[in-house]
Amino acid sequence: MGKKGKREKKGKGAEKTAAKMERKVSRRARKEEEDLEALIAEFQNLDAKKTQVIESSCPPPSPRLNGSLSAHPEKDELILFGGEYFNGQKTYLYNELYVYNIRKNSWSKVEIPNPPPRRCAHQAAVVPTAGGQLWVFGGEFASPNGEQFYHYKDLWVLHLATKTWEQIKASGGPSGRSGHRMVACKRQLIIFGGFHESARDYIYYNDVYAFNLDSFTWSKLAPSGIGPAPRSGCQMATTPEGGIIIYGGYSKQRIKKDVDKGTLHTDMFLLKTEGAGREEDKWAWSRLNPSGVKPTPRSGFSTAIGPNNRSLLFGGVHDEEEEESIEGDFFNDIYFYDIGKKRWFPGQLKGPKSEKRKRRRGRQGEVEGAGDEEMEKQPPQGPVEIVKEVVAEDGTVMTIKQVISGPAEEKERSESEEDEEDGALGQQVEPCPRSNAMLAVKHGVLYVYGGMFEVGDRQFTLSDLYSIDLHKMEEWKVLVEMDPKAQEWLEESESDEEEDDMEGAEGGEEEEESSEEESEDEGGEEQHPSVQPDEKHADYLSRTEQYWIKLARSNMGPDAKEKKVVKVAHAMAKTFYEDSV
């Protein structure tokens, strides 16, 4: 009894500490979020002026990470929403909707009235109801300097058949957060974890919420058992029986003033219900100890559900944290988790089949004809280092070293046979190592879009698209190549930092084009003061300052401090000016 009582007291103490930290973070974050709410409202006002659905073919989307890529439940299409892009000085956030046609290998942009505000690090889940629905929850809006954040707690649904966005307002849902995970499970959306960050504080979550897709109501689950520690960016997958698997993730804690220590989680848990998935059913956590070859520790990996009752993990980064800097090793490998067998195994490329290989396989009998089982049972070959060079538009040459696990080893082949047939498998086309990519699986084919990697202090954000047939695991296909000209990197300067301190995150090239179209199409509606030919930003601000202050005041309310109103007004003016020139 004594030990049990101690454990219960310790648990209650931890809950109190977490609640206290959440209140502290919420108070500080609230002050920061007020500064960004006016900018978000202004962006929403621009979106509200769109009154009809416009679908147009377009080139591939601009580079981004932390968006969502989802497979349409009825059509051969992938749906890309949101994301972010950082060019060294500014963060750009998006709320555009792109559709990739798998059969045609083409992109289209779909502009729908009243979309969710711009965001990244949200979650999206597709359900097949009424021609398909895309549900979106949470995420964040960030200032360009990365020091201010607005964390969303809103829930949206995109009706794919009618191409309409709808915000679902229901009380009792999760607090604002990003980096959480969400899955659709038996007519419910289940949300786990995530984090909330202000300029000085942060908190990670391990709570679980369920949204009922029939009653449109939230409920907070209280599972029994010991569950995962608070974390973000984990793997979350459903089992055929209606259970939910949690693996890995990232969290950090403050060990002393201004010093944080990050943790790469590698544990695995199962959340299951004793009943048929009804709201009143009891849920319970249990720890899983899977067998096989587990993924190496990492954060920023991307996940999807593959065929044959397997979830998969792609890419990510392992950061070596020093006192002054962080060096990251990026990955481009795939790991599968067999949900039924509770077993991890690395995805090994087999290489394209040739006539010689087919004949040799016939001579060797059943040993090499085991398909996916062969891929699972084979031990991984030693690592192979490949060096690539990427030249950006500004002439910067980036050397990317990547260490990948070798391909499945062929039985007793001479080097001359390998060269004659296919060349070294390590030279095959494949995505470069990356973190925070967007994944989707359709008809057993995995699609990988975008993400980022770092070289020194410079961040490369990607816009390429790759696919691989998960049934065959033979080779990667390049659907959209990385465009070095799309890589922009601006060195940070103190003056830029000061100017951007209160500026809301803007949209990229796509927003500039749409803003121009809006200004032409608005007609009789109220328009912002236009930028005159060759007018400098300082002259434009001086001429229109009172207009923007009035607009900021109307958004922020009469109680807002004058100093804040002026800062937000200047940020609005700068955003409009830069979109116009």
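Student: With which side chain does the side chain of Arg 64 make a polar contact?

Tutor: Bear in mind that this is a predicted model. The side chain of Arg 64 makes a polar contact with that of Glu 96, at 3.1 Å. Arg 64 itself lies in the loop between strand 1 (54–58) and strand 2 (68–71), and with a relative accessible area of 0% it is buried.

Student: Which residue is the nearest side chain of opposite charge to Glu 84, and how far away is it?

Tutor: A salt bridge needs a side-chain nitrogen of Lys or Arg within 4 Å of a carboxyl oxygen of Asp or Glu. For Glu 84, which is buried, the nearest side chain of opposite charge is Arg 64, 11 Å away, and Glu 84 has no salt bridge.

Student: Which side chain, then, makes a polar contact with the side chain of Glu 84?

Tutor: That partner is Asn 66, whose side chain makes a polar contact with the side chain of Glu 84 at 2.7 Å. Glu 84 belongs to strand 3, which covers residues 77–86, and, once neighbours within four places in sequence are left aside, its contacts include Pro 63, Arg 64, Tyr 92, Cys 120 and Thr 461. A listed contact should be read with care, since the term asks for heavy atoms within 4.5 Å.

Student: Where is Tyr 449 found, and is it buried or exposed?

Tutor: Tyr 449 is found in strand 26, residues 445–455, and it is buried, with a relative accessible area of 0%. Its side chain reaches the backbone oxygen of Ser 62 at 3.1 Å, while the backbone oxygen of Pro 61 lies 3.2 Å from a polar atom of that side chain. Tyr 449 and Pro 61 are 388 residues apart in sequence, yet their C-alpha atoms are 10.0 Å apart in space. Among the other residues that Tyr 449 touches are Arg 64, Leu 69, Trp 107 and Asp 464.

Student: How many disulfides are there in the model?

Tutor: In general, a disulfide is a covalent bond between the sulfur atoms of two cysteines. Here the count comes to zero. As for individual cysteines, Cys 234 is buried at 2% relative accessible area, and Cys 432 also counts as buried, at 8%.

Student: What share of the residues in the chain is buried?

Tutor: Buried residues make up 51% of the 581 residues, in a chain that has eight helices and 28 strands. Of the contacts between residues at least 6 apart in sequence, 61% join residues at least 24 apart.

Technical notes. Residues are numbered from 1 along each chain as its sequence is written. This is a predicted model: local features need pLDDT of at least 70, side-chain atom pairs count only at pLDDT 80 or more; totals for chains, interfaces and linings use all residues. Side-chain values use heavy atoms; hydrogens and water are left out. Helices (H or I, at least four residues) and strands (E, at least two) are DSSP runs, numbered from the N terminus. Buried means under 20% relative accessible area, exposed over 50%, partly exposed in between (1.4 Å probe, protein chains only). Lys and Arg count as positive and Asp and Glu as negative; His and the chain ends are not counted. A polar contact is a pair of N or O atoms within 3.5 Å; within protein, one must be able to donate a hydrogen and the other to accept it, and residues adjacent in sequence count only if both atoms are side-chain atoms. A disulfide is a pair of cysteine sulfur atoms within 2.5 Å.
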